Amino acid sequence: MFNLLSIASLTLREASRRRLVVTAAIATLVLVALTGFGFHALAAMHGRDGRPVDHHVVLTAASGLETAMAFMFSFILALGAAFLGALSLGSEIENGTLLAMLPRPIRRIEVLLGKWLGNAILIACYAVGTALLEFAVVRAITGYLPPHIVAAIALLVAQALVMLTITLAVSVRLPAIASGFVTLVLFGIAWMAGIVGSIATAMHNDALRRATTAVSLVIPSDGLWRAAAFMMQPAVLRAAAPANSVDPLVPSTAPPLAYFIWCALWLAVVLAGGVRSFQQRDL
Amino acid sequence: MYAIETRDLTKRYGSRAAVDNLTVRIARGEVFGFLGQNGAGKTTAVKMLVGLVHPTSGDAALLGEPLGSLAARRKIGYLPELFRYQPWLTPRELLGWHASVLRVERRSRRRAIDDVLERVGLARRADDRIGTFSKGMQQRFGIAVAIVGAPELVILDEPTSALDPIGRAEVRALVLDLKARGITVFLNSHLLTEVESVCDSIAVINDGRIRATGSIDELLGRPAVRIGFADGSSVLVEDAPPAEIPAIVAAYVGRGAQILSVAPVRQSLEERFLEIVRSDTGVQPALDRITHAS
């Protein structure tokens with residue numbers, strides 16, 4: 001455990017020394033400031049009669065916009081996770097940094113899990129910090145706060161961890177750039193499969209629905225996003241949403257508990273596969 | 001117990017054997033030179049010893065511990081041929097990580113780090129970022145990493161490839177210092193004069209197979225002495241123990257001979273290496289062809 005934590009600590013220190021933390025903090029402040037300006041404009045809107053728009057309309061619009069922002073944020077997190085994961089292990093294998101570390105009395109499982117843990121902490125801190133700041137700013141400007149924000153943030157982090165896990169497992173064998181690319185392609189496939197699956201459900205096409213369900217089990221990122229979006233929906237919108245919504249921003253149902261148990265198992269299995277592959281690899 | 005003992009250690013990539021039935025025994029406290037052309041299998045063999053490459057077959061023990069085991073890796077230090085260290089850390093920080101993984105006691109860690117940095121001439125740069133170092137300084141730092149934590153076996157893969165002549169001389173002195181401390185050194189190099197000057201024994205590898213092995217004397221033969229006289233003639237004294245040479249020279253002087261020079265004569269390691277490789281492959285190494293052509 002000591003070695004695992006020491007690798008995680010090195011990963012966090014690298015993020016700090018390479019100015020990743022500072023850059024992410026500045027980018028977040030800029031993002032929140034810009035969106036805050038947008039929400040301020042929304043809250044200050046006037047109708048054709050020159051009177052301020054009804055507060056309920058502002059709240060409804062704010063909830064939709066905030067879900068759209070969360071969607072964009074989930075993409076940033078997924079991209080960031082793929083980027084961090086690829087650079088973390090793949091580039092250290094490529095450039096030879098690990099050649100001086102692995103002959104030490106340290107197991108490869110400790111190296112891979114240490115890097116996973118360090119990057120997971122980075123992603124979680126970034127996601128929690130940015131989301132809470134954004135929610136607070138929108139709440140202060142419009143008075144709107146999505147329900148179940150803790151669950152929503154946790155699901156967004158879980159989606160990013162799926163991406164991080166895929167990237168780390170793949171980067172054990174592929175070059176950094178290729179593993180990042182593979183992860184993004186898989187993310188895109190899962191997203192498309194989610195939309196196609198909704199259409200298949202609406203059209204009662206069972207074969208297609210089963211195929212897309214299989215994709216969402218193999219790459220659970222989109223299912224986790226839909227769960228996060230569902231958690232952010234106010235009760236009014238949930239009631240008004242069509243029974244078989246194909247809109248990824250307005251899912252009609254949340255995945256069952258079994259799906260989340262599956263996701264936890266999936267993470268463990270993919271990580272174990274990555275570790276096994278890493279242990280067998282010649283460097 | 002040997003520092004390194006390998007039995008038929010083999011690494012195959014497809015049908016090609018990078019290392020083929022490597023069997024060597026290296027005594028503790030010895031400086032061992034591992035020679036070979038580029039691509040001969042030296043680095044693959046070294047990587048198997050430190051657990052970076054998995055052998056296809058065969059077995060080995062380092063300091064009595066199984067190859068690749070944590071117990072073996074706890075006792076060795078390694079400088080890779082292609083070295084790269086975290087550029088965003090300082091030497092003190094990265095050596096601190098290595099010392100902590102080696103379970104060097106916290107209270108003696110700083111002293112151990114200062115000591116190795118002093119020995120490689122980087123004491124004044126202990127708190128600068130490694131990324132600001134020249135290639136040669138990074139290689140010196142790599143040697144510091146290899147010797148931190150009091151290893152019993154130090155494996156150096158081309159330790160002077162990025163160093164200037166002064167740096168090379170310092171590394172030679174460092175290797176001899178390690179030997180004086182009883183530490184076994186495995187020196188992987190194709191710089192033959194370097195190997196000849198510090199190694200007790202040598203193995204020559206070509207196409208993945210050991211072609212010759214033994215002590216320097218065994219490989220090069222005992223040195224002879226050529227005595228040159230004032231009239232231009234000379235005598236080659238062979239197979240005489242070095243301690244008897246002064247008496248032989250004195251005997252000539254006693255008989256009235258005018259001696260101009262007494263010079264040791266021995267085949268150089270470079271000549272012997274070329275001879276082994278040439279007889280093995282039937283192909284003259286490129287460097288040798290150029291030397292003779294010029």
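This is a predicted model: local features need pLDDT of at least 70, side-chain atom pairs count only at pLDDT 80 or more; totals for chains, interfaces and linings use all residues.
Setting aside neighbours within four places in sequence, A:A228 is in contact with A:A70, A:S74, A:A152, A:L155, A:L156 and A:Q159.

Now widen the selection to the core around A:A228. The largest nonpolar core has 147 residues, and A:A228 is one of those with the most contacts inside it, along with A:I123, A:L156, A:A160, B:A144 and B:L187. Colour helix α5 of chain A, residues 149–171: this helix supplies 15 residues, the largest share of the core.

Next, show where the two chains meet. Here 18 residues of chain A are in contact with 24 residues of chain B. On the chain A side, helix α1 (residues 2–17) gives the largest share, five residues. By class, that side of chain A has eight nonpolar, five polar and five charged residues.

From helix α1 of chain A, go to A:R19, in the loop that leads from α1 to α2 (20–43). A:R19 is not a glycine, yet its phi is positive, about 65°. Is A:R19 buried or exposed? A:R19 has 11 other C-beta atoms within 10 Å, so this residue is exposed.

Move to chain B and colour it by domain. The domain assignment gives domain 1 as 4–218 and domain 2 as 222–265. The C-alpha centres of these two domains of chain B lie 41 Å apart.

Select the sheet of chain B next. This open sheet has six strands in the order β7-β8-β9-β4-β10-β11, with mixed pairing. Which strands stand at the edges? They are β7 (76–79) and β11 (209–215) of chain B; each has a single partner strand, so one side of each lacks a neighbour in the sheet. From one strand to the next, the twist averages 15°.

Zoom in on β7 of chain B. Four bridges join β7 to β8 (residues 153–157) of chain B, and the two strands run parallel. To see one pairing, pick B:I76, whose bridge partner in β8 is B:L153.

Helix α5 of chain B, residues 135–147, lies across β7 and β8 and runs at about 165° to β7. Helix α6 of chain B (residues 165–180) also packs on the sheet, where it touches β4 (31–35), β8 and β9 (184–188). The direction of helix α6 makes about 150° with that of β9 in chain B.

Finish at B:A150, in the loop between α5 and β8 of chain B. B:A150 is another residue other than glycine with a positive phi, here near 50°. With 14 C-beta neighbours inside 10 Å, B:A150 counts as partly exposed.

Conventions. Residues are numbered from 1 along each chain as its sequence is written. Chains are lettered from A and ligands numbered from 1 in the order in which they are written. Domain bounds come from an automatic or database domain assignment. Two strands pair if DSSP finds at least two bridges between them. Axes are lines fitted to C-alpha atoms, for helices over the stretch in contact, and angles run from 0 to 180 degrees between N-to-C directions. Two residues are in contact if their C-beta atoms, placed from the backbone, lie within 7 Å. A nonpolar core is a set of buried Ala, Val, Leu, Ile, Met, Phe, Trp, Tyr and Cys residues joined through C-beta atoms within 7 Å. A residue is buried if 20 or more other C-beta atoms lie within 10 Å of its own, exposed if 12 or fewer, and partly exposed in between; C-beta atoms are placed from the backbone. Ala, Val, Leu, Ile, Met, Phe, Trp, Tyr, Cys and Pro count as nonpolar, Asp, Glu, Lys and Arg as charged, and the others, Gly among them, as polar.
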